[in-house]
Amino acid sequence: MMLPIQEVEMILSKNDALSSFVDPGRIFLVFVPEADQDTEKAPMIRINELESHRKDYADDAALTFEVDIQIDLWTKTLKEAQQIQPIIDDLMAKNDFQQYASAFDRDPDIALYRYARRYRATKMIDIQI
């Protein structure tokens, strides 16, 4: 079974519109390596799983799980964030993720704008029989 963050990485990295702004090699899972934390290498994306739990039970077996994903987007300019974030939101919505929280700030460690958005989805549990 693919982890939810792997599913999101695949959704984002295979989209031509997003790839025109963010190199798929600049989409990271869990952490951005220190060597890649460079203003010249922006924009970049990091995907993290915040929480996951089973739900929707039948005969004492979970049928679904709910997962919360955070996507951080770092950009050099506000204009880049304005261009890229709607693409991410659209991709996530088309894949049944609902956006429920956000934060926009300036990352003091790498002097880039950071747009953090949280998404939630309920996914079917793949039961192998």
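Among contacts between residues at least 6 apart in sequence, what share joins residues at least 24 apart? In this chain the share is 58%, a contact being a pair of heavy atoms within 4.5 Å. The model is predicted, so that local features need pLDDT of at least 70 and side-chain atom pairs count only at pLDDT 80 or more, while totals for chains, interfaces and linings use all residues. Residues are numbered from 1 along each chain as its sequence is written, and side-chain values use heavy atoms, with hydrogens and water left out.

The secondary structure consists of 3 helices and 5 strands, arranged along the sequence as α-α-β-β-β-α-β-β. Helices (H or I, at least four residues) and strands (E, at least two) are DSSP runs, numbered from the N terminus. Of the 129 residues, 40% are buried; buried means under 20% relative accessible area, exposed over 50%, and partly exposed in between (1.4 Å probe, protein chains only). The chain exposes about 7,500 Å², of which carbon and sulfur atoms supply 49%. Accessible areas come from the Shrake-Rupley method with a 1.4 Å probe, and for residues only the protein chains shown count as cover.

The largest nonpolar core contains 21 residues, and those with the most contacts inside it are L12, L18, I45, I47, I71 and I88. A nonpolar core is here a set of buried Ala, Val, Leu, Ile, Met, Phe, Trp, Tyr and Cys residues joined through side-chain atoms within 4.5 Å. Two or more residues of this core come from each of helix 1 (4-13), strand 2, strand 3 (61-75), helix 3 (78-94) and strand 5 (112-124). Helix 3 gives the largest share, 5 residues. I88 touches L12, L18, I45, I71, L73 and Y119, residues up to four places away in sequence not being counted. Another core, of 7 residues, lies apart from the largest one and has F28, A42, W74 and I110 among its members. In soluble globular proteins, nonpolar side chains tend to be buried together.

In helix 1, the buried residues are P4, I5, V8, I11 and L12. Seen down the axis of helix 1, these residues fall within an arc of 120° and so line one face of the helix; the arc is that of the directions from the helix axis to the C-beta atoms. Helix 3 has 17 residues and spans 25 Å from its first C-alpha to its last, close to the expected 24 Å. The expected span is 1.5 Å times one less than the number of residues. Buried positions in helix 3 are E80, A81, I84, Q85, I87, I88, L91 and M92.

The structure holds 9 salt bridges, each defined by a side-chain nitrogen of Lys or Arg within 4 Å of a carboxyl oxygen of Asp or Glu. In the pair R26 and D36, the closest N and O atoms are 3.0 Å apart. This pair links distant parts of the chain, 10 residues apart: R26 is in the loop between helix 2 (16-19) and strand 1 (27-29), and D36 is in the loop between strand 1 and strand 2. R26 is buried at 11% relative accessibility, as is D36 at 18%. D36 also forms a salt bridge with K41, with 3.7 Å between the closest N and O atoms; K41 is partly exposed at 36%.

D72 and R114 form a salt bridge with their closest N and O atoms 2.8 Å apart. D72 lies in strand 3 and R114 in strand 5, 42 residues apart. D72 is buried at 0% relative accessibility, and R114 is buried at 17%. Both belong to a network of salt bridges that links R46, D72, D105 and R114. D72 is also among the residues touched by N48, together with I5, V30, D68, I69 and Q70, again not counting residues up to four places away in sequence. N48 is placed in strand 2 (residues 44-58) and is buried, with a relative accessible area of 16%.

Several backbone features occur in loops. The peptide bond from A42 to P43 is cis, with omega near 5°, and P43 is in the loop between strand 1 and strand 2. V30 lies in the loop between strand 1 and strand 2 and has a positive phi of about 70° although it is not a glycine; V30 is partly exposed at 48% relative accessibility. D96, which follows helix 3, likewise has a positive phi of about 70° without being a glycine. D96 is in the loop between helix 3 and strand 4 (98-107) and is exposed, with a relative accessible area of 52%.
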